[in-house]
Every structure is written in C-alpha cells, then in structure tokens.
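I opened my notebook for another structure today. Here is what I looked up, in the order I went.

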Amino acid sequence: MGRHERTEDGPEQDSVRLDARVFGMVQGVGFRYWTMGTAEDLGLSGEVKNLADGSVSVIAEGPQPQVRKLLDWLNSDRTPGRVERVDSSMSQAGGKYRGFGVG
C-alpha cells in the first residue's frame with residue numbers, strides 16, 4: 001500500500017495545470033533551466049520555453065500544492081534574472097507531459 005492507494009480523491013483527481021507567462025529579464029540568465037530543476041524537484045511535468053517577445057512560457061502539471069509552490073517560486077526573488085510580472089491560470093491537467101522539458 002503506497003501513497004496511491006486512494007481511488008476516489010487520489011493524485012489524479014488533484015492534478016492541475018499551470019499556464020504561466022513570465023515577463024522581465026528572464027531570457028539568457030538560466031531562467032528556463034532553474035525553472036526546470038525546481039519543477040523536477042517538485043515532481044511536476046511540463047515544459048518551459050522562451051517566447052519571441054522576451055517572455056518565458058511555463059506549463060506545469062501535477063498535484064495542486066506542488067504546482068502552487070512552483071508558482072510561488074516564479075513570483076519570488078529567488079529566480080534568476082528579474083521577474084517583473086507573472087500572468088497565470090490554472091485548469092485541469094491534461095496528462096500530456098512526461099517529465100519536464102526545456103524548449
């Protein structure tokens with residue numbers, strides 16, 4: 001019996017998707033790799049990639065408490081570079097991602 005023994009409200013039920021767009025000085029400073037490492041430490045799947053306008057897109061899926069920790073980290077002063085703003089939304093996870101990648 002492990003932590004996945006519950007069926008009615010187990011991990012799959014609590015899985016959410018974060019769609020975030022991070023603005024500021026976040027390209028060319030290792031931001032994507034730090035974000036990937038933080039997401040992996042939290043057990044999340046998804047991807048992070050630079051966008052043409054200088055912002056960074058972050059998609060992360062996993063248990064809601066862990067996804068919220070990533071969002072808190074994105075909004076903190078512990079990220080590389082300088083985050084000016086994070087636009088984000090939460091929805092139900094689609095389960096599309098396996099692992100966390102950098103695009």
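My entries on strands, a helix and a core follow.

**Ground rules.** I am working with a predicted model, where local features need pLDDT of at least 70, side-chain atom pairs count only at pLDDT 80 or more, and totals for chains, interfaces and linings use all residues. I number residues from 1 along each chain as its sequence is written, and side-chain values use heavy atoms, with hydrogens and water left out.

**Entry 1: strand S3.** I take helices (H or I, at least four residues) and strands (E, at least two) as DSSP runs, numbered from the N terminus. Which strands pair with S3? I call two strands paired if DSSP finds at least two bridges between them. S1 runs antiparallel to S3 over 8 bridges, and serine 15 stands opposite proline 63 in S3. S2 is also antiparallel to S3, joined by 6 bridges, with asparagine 50 partnering valine 56. S2 and S3 make a hairpin with 5 residues between them, and glycine 54 in the turn has a positive phi of about 95°. I also checked burial (buried is under 20% relative accessible area, exposed over 50%, partly exposed in between; 1.4 Å probe, protein chains only). In S3, 7 of the 8 residues are buried.

**Entry 2: serine 45.** I found serine 45 in strand S2, residues 45-50. Is serine 45 buried or exposed? It counts as buried because its relative accessibility is 14%. For contacts I use heavy atoms within 4.5 Å. Setting aside residues up to four places away in sequence, serine 45 touches Ile59, Ala60, Glu61, Tyr97, Gly99 and Phe100.

**Entry 3: helix H2.** In H2 (residues 64-74) I see Val67, Leu70, Leu71, Trp73 and Leu74 buried. They lie on the same side of H2, because they cover an arc of only 160° around the axis; the arc is that of the directions from the helix axis to the C-beta atoms. The face turned away from that side carries the exposed residues Pro65 and Asp72. Among the elements covering the buried residues are S1 (15-25), H1 (31-41), S3 (56-63) and S4 (82-92).

**Entry 4: the core.** I define a nonpolar core as buried Ala, Val, Leu, Ile, Met, Phe, Trp, Tyr and Cys residues joined through side-chain atoms within 4.5 Å. The largest one has 21 residues, and those with the most contacts inside it include Leu18, Val56 and Leu70. S1, H1, S3 and H2 each give two or more residues to this core, and H2 supplies the largest share, 5 residues.
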